[in-house]
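Subject: Handover of a model and notes on its helix packing

Dear colleague,

I am passing on the structure below, together with my notes on what was found in it. Please read the notes with the coordinates open beside them.

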Amino acid sequence: MAENAEAWERQPSESAAAWEAFACYRDLGLSRSIGKVAERLAKSRTLIERWSTTHRWVLRAEAWDREQDRLWRAEQQQAAREVARRHARLASAAQSKIVAQLQQLDPSRLSPSDVIRWLEVTIRIERQAYGMDLADAAAATSKVPDTADVSGLTDEERRARMEQLRRELEARIGTLGGEQP
């Protein structure tokens with residue numbers, strides 16, 4: 001038997017019967033007790049108490065519980081990483097489809113309020129991508145010129161404004177996708 005055994009493994013001085021009793025105790029979890037081990041193994045409570053004291057069952061079971069907790073946390077962290085990777089792949093695929101749709105978008109078919117909404121969304125996404133405070137995003141979008149009132153513009157001026165906003169959107173999308181505007 002290895003001299004450097006973990007606390008919850010069979011110890012060098014532990015008999016097979018004492019080890020079996022400890023394993024039973026250890027595996028009972030938070031409801032573990034000497035009485036339950038004695039009952040399950042049909043052994044005298046005195047014998048189980050002696051083994052428990054001699055082989056430090058309480059400390060060994062605590063070490064086992066800590067190790068199980070550590071393993072559980074590691075498993076949860078790994079699962080969270082896998083979820084994040086899966087979500088990133090899905091988001092990337094969705095973004096590709098959205099960019100393709102945006103490239104097909106005819107700016108002349110957007111209302112001024114649609115353009116403003118697109119601009120606000122892209123500003124928010126860009127700020128999130130750079131880790132900027134989202135509370136600041138509201139302030140940033142409030143600085144976007146109010147293009148909703150186009151009543152004083154000619155049709156040509158409206159088309160020119162829409163084209164300008166389309167270029168701004170494409171530049172922002174290109175920046176988020178790693179391209180240069």
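How close do the axes of α2 and α3 come, and at what angle do they cross? They come within 9 Å and cross at roughly 125°, where axes are lines fitted to C-alpha atoms, for helices over the stretch in contact, and angles run from 0 to 180 degrees between N-to-C directions. α2 and α3 are therefore oblique to each other, given that angles under 35 degrees count as roughly parallel, over 145 as roughly antiparallel, 65 to 115 as roughly perpendicular and the rest as oblique.

Before the details, a word on conventions. This is a predicted model, in which local features need pLDDT of at least 70 and side-chain atom pairs count only at pLDDT 80 or more, while totals for chains, interfaces and linings use all residues. Residues are numbered from 1 along each chain as its sequence is written, and side-chain values use heavy atoms, with hydrogens and water left out.

Overall picture

The protein chain has 7 helices and 0 strands, both taken as DSSP runs numbered from the N terminus (helices H or I, at least four residues; strands E, at least two). Of its 181 residues, 26% are buried, where buried means under 20% relative accessible area, exposed over 50% and partly exposed in between, with a 1.4 Å probe and protein chains only. Among the contacts in the protein chain with a separation of 6 or more, 50% are between residues 24 or more positions apart, a contact being heavy atoms within 4.5 Å.

Helix α2 and its neighbours

Helix α2 covers residues 34-41, and Ile-34, Val-37 and Ala-38 are buried in it. Seen down the axis of α2, these buried residues fall within an arc of 100°, so they line one face of the helix; the arc is that of the directions from the helix axis to the C-beta atoms. In general, an α-helix has 3.6 residues a turn, so residues three or four places apart point the same way. On the other side of α2, Glu-39 and Arg-40 are exposed. The buried residues of α2 pack against α1 (16-27), α3 (45-54) and α4 (57-104).

The contact is made by Ile-34, Gly-35, Val-37 and Ala-38 of α2 and by Arg-45, Ile-48, Glu-49 and Ser-52 of α3. By class, this contact has 4 nonpolar, 2 polar and 2 charged residues, where Ala, Val, Leu, Ile, Met, Phe, Trp, Tyr, Cys and Pro count as nonpolar, Asp, Glu, Lys and Arg as charged, and the others, Gly among them, as polar.

α1 and α2 pack at an angle of about 125°, with their axes 9 Å apart, and are therefore oblique to each other. Here α1 passes α2 in a right-handed crossing, and the contact is made by Glu-20, Ala-21, Cys-24 and Tyr-25 of α1 and Ile-34, Val-37, Arg-40 and Leu-41 of α2. The residues of this contact divide into 6 nonpolar, no polar and 2 charged.

Helices α1 and α4

The axes of α1 and α4 come within 10 Å and cross at roughly 50°, and α1 passes α4 in a right-handed crossing. The contact includes Trp-19, Phe-22 and Tyr-25 of α1 and Trp-57, Arg-60 and Trp-64 of α4. Its residues divide into 9 nonpolar, no polar and 3 charged.

Individual residues

Glu-14 sits in the segment before α1 and, at 3% relative accessibility, counts as buried. Leaving aside its neighbours within four places in sequence, Glu-14 is in contact with Glu-9, Trp-19, Phe-22, His-55, Trp-57 and Arg-60.

Most residues other than glycine have a negative phi. Ala-42, in the loop between α2 and α3, has a positive phi near 55°, and its 69% relative accessibility means that it counts as exposed. Arg-56, in the loop between α3 and α4, likewise has a positive phi, of about 50°, and is partly exposed with a relative accessible area of 46%.

Best regards

Terms used:
Left-handed = near helix turned anticlockwise from the far one by under 90°.
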